[in-house]
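Subject: Structure for you to look at

Hello,

Here is the structure I said I would pass on. Please open it next to this message and read the notes below it.

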Amino acid sequence: MGLGAVTAADSALSSLAAKFPETSSLPDRVPPAPPSPITVRITNKDVRFAAGEPIAWQPALNSALLSMTVPTAINISAAAAAAVDTVRVVPRNKFQSLLGFGGCFSDASCYVINQLQKPKREELLHDLFHPSEMRLTVNRTCIGAADSASKLYSYDDGEEDPELKRFSIEHDRAYILPVLQRVREINPNIFFFSSPWSPPGWMKWNKSMLGGSMNRQYMASYAQYLLKFLQAYAAEGVTIDAITTQNEVDTDQRGLMPACTWPQECETDFITDHIGPLFEKTNTPTKIWILDHNFVYWGRVISQLDNPDFRTYVNAVAFHGYVGEPSMMSKVHAAHSDADLHFTEGSTDYNDPHYRDDWTKWGKIYTDVLKNWCRSAVAWNIATDEHGKPNIGPYPTGGIVIINPKTQEIIRSGQYWTLAHFSRSILNGAHRIESQSIAANLEHVAVENPDGQKVLILTNTGAARTVEIFQEGQSAKISLEENSIASLVWT
C-alpha cells in the first residue's frame, strides 16, 4: 500500500474516532484475559486439512477501532477498508443451533462403498462418520430409486396395489441396509433423513416413476407406504429421524429419471389430510420436512407455513442450491423464525476439472447457508465410481469421494476437504455466533460449540492476504494463501 493510501486510511479512522469519542478510551481499558491459543487447520494448493502453527492472541490496543461494530450510516473510504482485512467475532450474539453436516446414502453410494474390500471399506466409513474423525452426522437416504441408482425400483412395483400387499424393502437388504447399519454402529448419534424421488408408478397419472405427478386417489395409500418404509427400516435397526415428502417438488425432470411434481395445494393436502394425521395416530416421531427444492421457492414455503393446520404437522424446510440465492432462505426465517431450515443437497460433477480442488466454492456455499439460518448442510452422493455411476439419470453427478472398484482407489473431492473443515470443527448442538467483516472475497462464519469452544472458518476466494481477527479486546493474525480455507478453534 502506498503512503497516500495509508494516510487516507488513518484519516478515515481518525474521523470515525471523532464521531464516536467513546472508542478513543478503549485502549486504556484493561482487556479481559486472552483466550487460549488458536489451533489452525489449512487447505490450499499445497496441503489438505493440515495443522498450522498455533496463533497467540494479543491485546488489541492499536486496533480497537477496527474491531468495533461500525454503524451502517458511516461510510468508510475504500482506502480505510483496504488498510487491513479484519474479521470480528461477537460470541454474545447467538443465532440458530446446528445439527451437523453429511451426504446422501443413495443406492449408487452404497453400491460402490460395498465394492470396496472390507478393510478399505471400514477405513473409509471410519474416516467419514466416526465421532473422532469427519463425524458426518446428518445423512440422507433414498426412499426407492433416485437418479443415482443401479436400477429403477420402488418398494411396491407392478400393478395397482392400494393395500400395499406387495410392499417390501428386499432390494435394500443387499448393500444399502448393511452400510447404514454399520454407519449407525460407528456413530450411534447419526441423524438420518429420507427422501422419495417418486411414489410407485401405479400411484401416478403416467403409471411410471419417471416424471409425472401424483394421482390424488392414492394419497392415503402413499401415506401408508411411507409409514411402512419407516417401520421396516426401524425393524432393521435404522431409525429415520425425518422425511421430506418429495425430492424437488416442482420438476418432472423431463421424464428422464425418477421424479414427481407436487403442486403446493397437493403437497399441503397430503400433509394435512393424510401423512400428518397418520403419523399422529400411530405416534410416529419422524419429522416431516417440506419442499426439498431450490431457494427460489421461498414464497411457496411461506404461504404453506402461514396455514395453521399445516403447521400442526410441519415446522421444517429443506432447500437445494441449484437455482436462486441463499439469502432467499432468510425471507422464510423473517416470516417464520421458529421454522427449522436445512440445506439438503449440493452435487459435485465428476467431469469438473476442479473436482479435486474446488474447496473454496463449497466453503462459500456452506458459509452462506449457515449464515442464512440453515441448521444442517448435506451433500448429494457420498460416493460414486470414477464414471459417476451407477446412474440411471441424465446428470453427471459425482460424490464426496470417488471409488474405483477395480483398483480400490479412493479420490477425495474439494467438497470432501471443505466438509472436513466444517464437520470436524463444528459439533452437534453448536450455535452460530456473529462474525463481521467488510473484506472482499473473504467468506467467514463463526460458531460456539456446546463445550464453549469458538470456531471461525475463513474461505479466501481472493488473493493471498493476512487477516486480523478480533474478539473482546484481543486480536490475532493469520496468513491465508489464495484459494484456501482455514478453520480456527479456541476457547
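The notes below go from the whole chain to the cysteines and then to one pair of helices.

The whole chain

Please keep in mind that this is a predicted model. The protein chain has 491 residues, and 55% of them count as buried. It contains 13 helices and 21 strands. Among its contacts with a separation of 6 or more, 72% are between residues 24 or more positions apart. The accessible surface is about 19700 Å², and carbon and sulfur atoms account for 50% of that area.

The cysteines

How many disulfides does a search of the whole structure find? The number is zero. A disulfide is a covalent bond between the sulfur atoms of two cysteines, and here the cut-off is 2.5 Å between the sulfur atoms. For Cys 142, the closest cysteine sulfur is that of Cys 104, at 3.8 Å, so the two are too far apart for a bond. Cys 142 is buried, with 6% relative accessibility. Cys 260 has its closest cysteine sulfur in Cys 266, 7.7 Å away, which is also too far for a bond. Cys 260 is buried as well, at 0% relative accessibility.

A pair of helices

Helix α5 covers residues 118-129 and helix α6 covers residues 176-186. Their axes lie 10 Å apart, and the helices pack at an angle of about 55 degrees. Because of that angle, α5 counts as oblique to α6. The crossing of the two is right-handed. On the α5 side, Glu 122, Leu 125, His 126 and Phe 129 take part in the contact; on the α6 side, they meet Arg 182, Val 183 and Ile 186.

Regards

Key:
Residues are numbered from 1 along each chain as its sequence is written. This is a predicted model: local features need pLDDT of at least 70, side-chain atom pairs count only at pLDDT 80 or more; totals for chains, interfaces and linings use all residues. Side-chain values use heavy atoms; hydrogens and water are left out. Helices (H or I, at least four residues) and strands (E, at least two) are DSSP runs, numbered from the N terminus. Buried means under 20% relative accessible area, exposed over 50%, partly exposed in between (1.4 Å probe, protein chains only). Contact means heavy atoms within 4.5 Å. Accessible areas come from the Shrake-Rupley method with a 1.4 Å probe; for residues, only the protein chains shown count as cover. Axes are lines fitted to C-alpha atoms, for helices over the stretch in contact, and angles run from 0 to 180 degrees between N-to-C directions. Angles under 35 degrees count as roughly parallel, over 145 as roughly antiparallel, 65 to 115 as roughly perpendicular and the rest as oblique. A crossing is left-handed if the near helix is turned anticlockwise from the far one by less than a right angle, and right-handed if clockwise.
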